[in-house]
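Hi everyone, thanks for having me. Let me put the structure on the screen, and then we can walk through it together.

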Amino acid sequence: MAEAELHSERIWDPIVRITHWVVALAILLNGLIDDGGSVLHIWIGYIALAMLLLRVVWGFVGPAEARFSSFLPSASGARSHAADLAAGRVRSYRSHNPLGSLMVYALWSVLAVIIVTGIVMAGPPPLSA
């Protein structure tokens with residue numbers, strides 16, 4: 001029963017949820033609605049940057065589940081976790097599991113590269129349309 005309760009308990013705080021969904025929305029808007037290079041595209045990119053920076057800060061000062069120290073990336077941990085899954089052993093984690101933590105860091109890294117290359121290509125945000 002305690003394990004079922006752990007899975008139904010919400011562990012992500014509002015800052016984590018907001019940064020997650022705003023970044024997801026920014027990617028959708030810039031990928032599906034805007035062709036790139038427009039003022040809208042640039043400002044959406046800066047919003048994504050603000051959310052990424054907020055999440056980085058929150059990774060150091062936020063609640064335990066949101067802190068980077070609770071889901072440090074580890075190749076050996078990921079291999080062990082994958083072996084456990086293949087063997088049918090399921091283990092609960094309070095934050096991201098080892099494979100999930102690698103995914104999170106990979107996503108943040110790719111997002112940072114995309115934002116930095118966009119800033120380099122487009123320059124500072126225009127102040128008027």
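Predicted model: local features only at pLDDT ≥ 70, side-chain atom pairs only at ≥ 80, totals over all residues.

Our pair is helix α3, residues 39-61, and helix α5, residues 98-122. Their axes come within 10 Å, and the crossing angle is roughly 140 degrees. Because of that angle, α3 counts as oblique to α5. As for handedness, α3 and α5 make a left-handed crossing.

Which residues make the contact between α3 and α5? From α3 we have Ile42, Gly45, Tyr46, Ala48, Leu49, Leu52 and Arg55. On the α5 side they meet Trp108, Leu111, Ala112, Ile115, Ile119 and Ala122. Sorted by class, the contact of α3 with α5 has eleven nonpolar residues, one polar and one charged.

Now for the core. The largest nonpolar core has eight residues: Val23, Ala26, Ile44, Ala48, Met51, Leu52, Leu111 and Ile115. Helices α2 (14-33), α3 and α5 each supply at least two residues of this core. Which helix gives the most to it? That is α3, with four residues.

Let's pick out Leu111. Setting aside residues up to four places away in sequence, Leu111 touches Val23, Ile27 and Leu52. Ile27 sits in helix α2. Is Ile27 buried or exposed? Ile27 is exposed, because its relative accessible area is 51% and the cut-off for exposed is over 50%. Ile27 and Ile44 are 17 residues apart along the chain, and their C-alpha atoms are separated by 8.4 Å.

Thr19 is also found in helix α2. Its relative accessibility is 4%, so Thr19 counts as buried. Apart from residues up to four places away in sequence, Thr19 touches Met51, Leu54 and Arg55.

My last stop is in a loop. Glu65 lies in the loop between α3 and α4 (75-86). Glu65 has 13% relative accessibility, so it counts as buried too. What is Glu65 in contact with, leaving aside neighbours within four places in sequence? Its partners are Ile11, Trp12, Ser70, Phe71, Arg94 and Ser95.

Technical notes. Residues numbered from 1 in each chain as written. Heavy atoms only, no water. Axes fitted to C-alpha atoms, helices over the stretch in contact; angles between N-to-C directions. Parallel < 35°, antiparallel > 145°, perpendicular 65-115°, else oblique. Left-handed = near helix turned anticlockwise from the far one by under 90°. Contact = heavy atoms within 4.5 Å. Nonpolar A, V, L, I, M, F, W, Y, C, P; charged D, E, K, R; others polar. Core = buried A, V, L, I, M, F, W, Y, C linked by side-chain atoms within 4.5 Å. Buried < 20%, exposed > 50% of the residue type's maximum accessible area, 1.4 Å probe, protein only.
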